[in-house]
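I opened this entry to keep track of what I looked up, in the order I looked it up. The notes follow the structure itself.

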Amino acid sequence: MAGATRHRKGRPYRRARAQMFAIYGDHCHLCGHPGAGEADHLGPVSLHPDQPVDPHLMRPAHGALTPCPTCGRHCNQERGAGPITRPLTTSEPW
């Protein structure tokens, strides 16, 4: 399986994703709100396709299918392949 593909499907990815949620919960590491349903790779797969499928290299995030119920953001898509420099901010003091 190609590097980027193995990070998005298959049994090893599903297992690592479930372990990541068990370890880190469902609070988005980007906005801090609960309800995250995606795994955000800390080292973007597009830049590091050969990284191991490891739950410790992922964090919960809101995404295309699971936008944040509090601020409405698609945090994982907003971050893209960029670095994590600081939490996403909103105009509202949630």
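I began with ring contacts and found the charged end of arginine 59 over the ring of tyrosine 24, 4.0 Å from its centre. I then looked for aromatic pairs and got a count of zero. I note here that the model is a predicted one.

Next I took the overall layout. I count three helices and two strands in the protein chain. Read from the N terminus, the order of elements is α-α-β-β-α. The chain has 94 residues, and 34% of them are buried.

I went on to helix α2, residues 11-24.

Which residues of α2 are buried? I list Tyr13, Ala16, Met20 and Phe21. They lie on the same side of α2, because the arc they cover around the axis is only 140°. An α-helix has 3.6 residues a turn, so residues three or four places apart point the same way. On the other side of α2 I find Arg11, Arg14 and Ala22 exposed. After α2 comes glycine 25, with a positive phi near 80°.

I turned to the strands. β1 covers residues 38-41 and β2 covers residues 58-61. The two pair in the antiparallel sense, with four bridges. One of the bridge partners I looked up is that of glutamate 38, which is alanine 61 in β2. In a regular strand the side chains alternate between the two faces of the sheet. Is either face of β1 left open, or are both covered? Both are covered: Glu38 and Asp40 are buried on one side, Ala39 and His41 on the other.

Last, the cysteines. I searched for disulfides and found zero. Cysteine 28 is in none, and the nearest cysteine sulfur, that of cysteine 75, is 3.8 Å away.

How values were computed
Residues are numbered from 1 along each chain as its sequence is written. This is a predicted model: local features need pLDDT of at least 70, side-chain atom pairs count only at pLDDT 80 or more; totals for chains, interfaces and linings use all residues. Side-chain values use heavy atoms; hydrogens and water are left out. Rings of Phe, Tyr and Trp (its six-membered ring) pair if their centres lie within 6.5 Å; planes under 30 degrees apart count as stacked, over 60 as edge-to-face and the rest as tilted. A charge sits over a ring if NZ of Lys or CZ of Arg is within 6 Å of the ring centre and within 35 degrees of the ring normal. The expected span of a helix is 1.5 Å times one less than its number of residues. Buried means under 20% relative accessible area, exposed over 50%, partly exposed in between (1.4 Å probe, protein chains only). The arc is that of the directions from the helix axis to the C-beta atoms. Two strands pair if DSSP finds at least two bridges between them. A disulfide is a pair of cysteine sulfur atoms within 2.5 Å.
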